[in-house]
Each structure stands twice: as structure tokens, then as C-alpha cells.
Amino acid sequence: MVDSYTPELATDQIRLLTKVARMYHERGMRQPQIAAQLHISQPRVSRLLKRAVDLGIVRTTVIAPRGVYAELEEQIEQAYGLTEVIVADTDDQADEAHIMRALGAAAAVYLETTLMGDERIGVSSWSSTILATVEAMHPRPTPVADQVVQMLGGVGNVTAQTQATRIVGRLAALTGAQAVYLPAPGLLASGDMRQMFVSDPNIEPVLQAYQGLTMALVGVGSIEPSPLLRESGNAFAESELPALRGGGAVGDVCMRFFDETGAHVESAFDARVLGIAPDTLRAVPRRVAVAGGTRKTVAIRAALRGGWVNVLITDLQVARSLV
């Protein structure tokens, strides 16, 4: 709260405060220059500048440049209790390919800026936004991660599963980390078959690696797969959808489905998924979702409500819908 002007504050003092403030803030003069020109000490110049702020003579205003949405990001952070929100500028375009590129570029900058070393990064299986992120990243001059771990087995046809492996390997190469692959399907035919994979000596160490993750990089899926996902062969069977819809599912992270409130939708489906468990995922300290497109708004909102992620990188249209 700024002080108000008082009768005790003489006009000549106000004049000096204003003069010093204009010299420093508007003319760009340094404090020693001001002190020399006005024949006062530099400590006094510093005190006068602070007093000018306290009295409201100087007020700091941050003007966001075009394409930067700091106020909107803060509103979403406060509304959902998130650590950070990044809104990618998509020029109000709704084309999904354009949105994916914008999200990928924003996520690449975020990772390049915040990966400081000793990270153990979990990556969800094939995702168009994660793929766009990896493609937009530049190699780091020094290692910024120890491991990049595949958090979900391959889903869909062989080509799609190969793509998931490539994402993990590429991100590991870009960050100087060791790639840890999950060489198995993400969705098994039965719970018994999943148990066979879990006990495999090649699979067990990967599942144990999930406990030490410091960051999870994920997409957010809607209950209806996108055309891109269908074409890639990375969508699960249509026969799975009725049971999930019946349980109220609206979206998923790593094939762990949740309802509109973000609550995990438990079903027999879970027993067949080979990947990170819901509680383990939500215990990862930094959970970064790269997701956008108005088709996914309901799923993204639910993921935020349920604490599935605490960092969101999304597009402008979805961001506006969230508040």
C-alpha cells in the first residue's frame, strides 16, 4: 500500500523526489550521475527513489508484448493450483496441425529453459504434442538429464509403437540422458497377460524406475481419439469405449482415465495397462502436460482438477475456456 501525500511533506521535497525519479526512470541517468549533477550523495539518491515508489510518484507497470498472456496464465495457475502455465500464441487459429506446432515450440523452449541437470524424465507413449516438442528442441551442450524413461508401453500398430520408442530415444539424445525403454505393448489382452510381462526381467526394472522420476512429460487424451491418432494406428479399439464412457471417463493421461472432476475411473481396463500407475504418476514432482485444441478442453480441465498435471502448456483458445 503506497503512502499518501501529507501536509508535512514540503513542496520542495516533492519537487526533488519528482526530479530524481524523472532523471532516473525517464532519462535513464545512473544514480552517481544524478548525485553529481544535483550535488547530493548517492545514498540519498537511492533513498529518494525508494521514497518516490512508496508515495506512488513512481509506479511500475508491466506491459506484455503481443503474443504473451501473462495475466491469463496467472489466472489459470490460481484457479487450478498449478505451478506454471504457458499459453502458446496460435493467432486464434483452430487448425490442429498449426496448434500442435505452436505447442511443440513452446514446450521445447520450456524444457530447454528449465532442465538444469540430474533430471529423470518420464515420457508418455506416442503423442502428437510430445512428438512436436521433441522435433522443436535443440541439443543441449551439456547433459541436463540422467534418464528418459518410457512410462507407457506401445499402443496401436507396430509403426506407432516404433514411433514411441523414437521419441524416448530422441529426447534422451537431446538432453544427454540414458534412454530407458519399455519394450512391450501398452494395453494387453488380459490382466493375466499383463502379469506375465510385469515379472519379465527386462520389464521389471523399467517399472521400478517410475518411483524415482522427477518430471513427467505427457499429453492429455480425450475419450474420442483424434483423426490423427486414428490414422497413426495409435488409438485403442472402439470396443473399449462404451465401458469407459459408462464410467464417466472424459479423458486420460498415460491411459489412466478420469471423469469430469478429475477422479480416476477405475475399471477392468486398468488391469490390462502396462505403464505407470495412477498414484505413482501423480506423485511425480513436476508433471508437465503439453495439450491443446478445443476438442480436448473438457479433458484438459478434468486433468487439472484431478492433479494429474501441475504444469500446463496449451493454446490460447483452451486457456480462455479454462477461466
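Which residue in S5 is the bridge partner of Gly122? Select Ala216, which holds that place in S5, and keep both strands in view. Strand S2 (residues 119-123) and strand S5 (residues 215-218) run parallel and are joined by three bridges; strands here are DSSP E runs of at least two residues, helices H or I runs of at least four, numbered from the N terminus, and two strands pair if DSSP finds at least two bridges between them.

This is a predicted model, in which local features need pLDDT of at least 70 and side-chain atom pairs count only at pLDDT 80 or more, while totals for chains, interfaces and linings use all residues. Residues are numbered from 1 along each chain as its sequence is written, and side-chain values use heavy atoms, with hydrogens and water left out.

Next, select strand S3 (residues 145-150), where Gln150 is placed. Gln150 counts as buried because its relative accessibility is 1%, the cut-offs being under 20% for buried, over 50% for exposed and partly exposed in between (1.4 Å probe, protein chains only). Beyond its neighbours within four places in sequence, Gln150 has contacts (heavy atoms within 4.5 Å) with residues including Val123, Ala164, Val180 and Tyr210.

Finally, colour by pLDDT, the predictor's confidence in each residue from 0 to 100: the chain averages 86, yet residues 1-8 stay under 50. Where pLDDT is low, the predicted coordinates should not be read in detail.
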